[in-house]
Amino acid sequence: MDLSELLALYEARGVERDFVAAKPLFERAIAESADARLLTGYGYLLESHARNELRQAAALYERAIELDPNDDKPNYQLIGARAGLREPERAVALYEERLAASPGSLREHRFLAQAYLTAHGFARALEIADAGIALAPQDAALTAARGEAKAGLGDVEGALADWRLALRLDPEDIAALYSSAFLLEREGRLRESAEAWQAIIDWCDARKLALDTEWPKRELERLRARFAGSAGDG
């Protein structure tokens, strides 16, 4: 059986032993003589395997939600998994239904806003976040989600303002700092982005989270290298 047949077999059946059989054969063939066809085929094999694994993860999150309906984490993980599977509409439909059943629930507003964010439905995410904030003006998670929606809609200053507010409302959740760092870099505001990474490092250092500083430190050094020779970045 040639590699194209092995790939077609795994794609059709999704059986792990077919992946295990095909993977080393692709690697050996690429080591001997790599070409575009082989690289594309091997990439698709890995992509298909990752998609199958992600689908299994989504099923586990669904089961976890059934077993512990009060745990937020599997809900957010499920939303992310559906996005990774290119099925964000399934998460949107699920949490639209749940919010309709519990319109006063802040949790359901948070979940649905996140589902729309992963689906790039930024206008609807903004509506949901605003509706939740109307119920609880001091809700940090919804404030941060509103910032993400504004960023998606091109309102940079509005997003940054919401993220600053979210950090004030909940100083123990610095997700908004990461969002700020990424957005500022995309906007070419490299020094400000570096300041956000430094704030993340300082936050982790203050809590003795040395491992958590490794990636932010690499990002900070990368940014410093970018703007070191630049005449100005705004």
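Modeller: Let us begin with glycine 41, which lies in helix α3, a helix being a DSSP run of H or I with at least four residues, numbered from the N terminus. This is a predicted model, in which local features need pLDDT of at least 70 and side-chain atom pairs count only at pLDDT 80 or more, while totals for chains, interfaces and linings use all residues. Residues are numbered from 1 along each chain as its sequence is written, and side-chain values use heavy atoms, with hydrogens and water left out.

Colleague: Does glycine 41 count as buried or exposed?

Modeller: Buried means under 20% relative accessible area and exposed over 50%, with partly exposed in between, using a 1.4 Å probe and protein chains only. Because its relative accessibility is 11%, glycine 41 counts as buried.

Colleague: Leaving aside neighbours within four places in sequence, which residues is glycine 41 in contact with?

Modeller: Contact means heavy atoms within 4.5 Å. With those sequence neighbours left aside, the residues in contact with glycine 41 are Leu7 and Phe26.

Colleague: How are α3 and α4 oriented to each other?

Modeller: Axes are lines fitted to C-alpha atoms, for helices over the stretch in contact, and angles run from 0 to 180 degrees between N-to-C directions. The axes of α3 (residues 36-67) and α4 (residues 73-84) come within 9 Å and cross at roughly 155°. Angles over 145 degrees count as roughly antiparallel, under 35 as roughly parallel, 65 to 115 as roughly perpendicular and the rest as oblique. The two helices, α3 and α4, are therefore roughly antiparallel.
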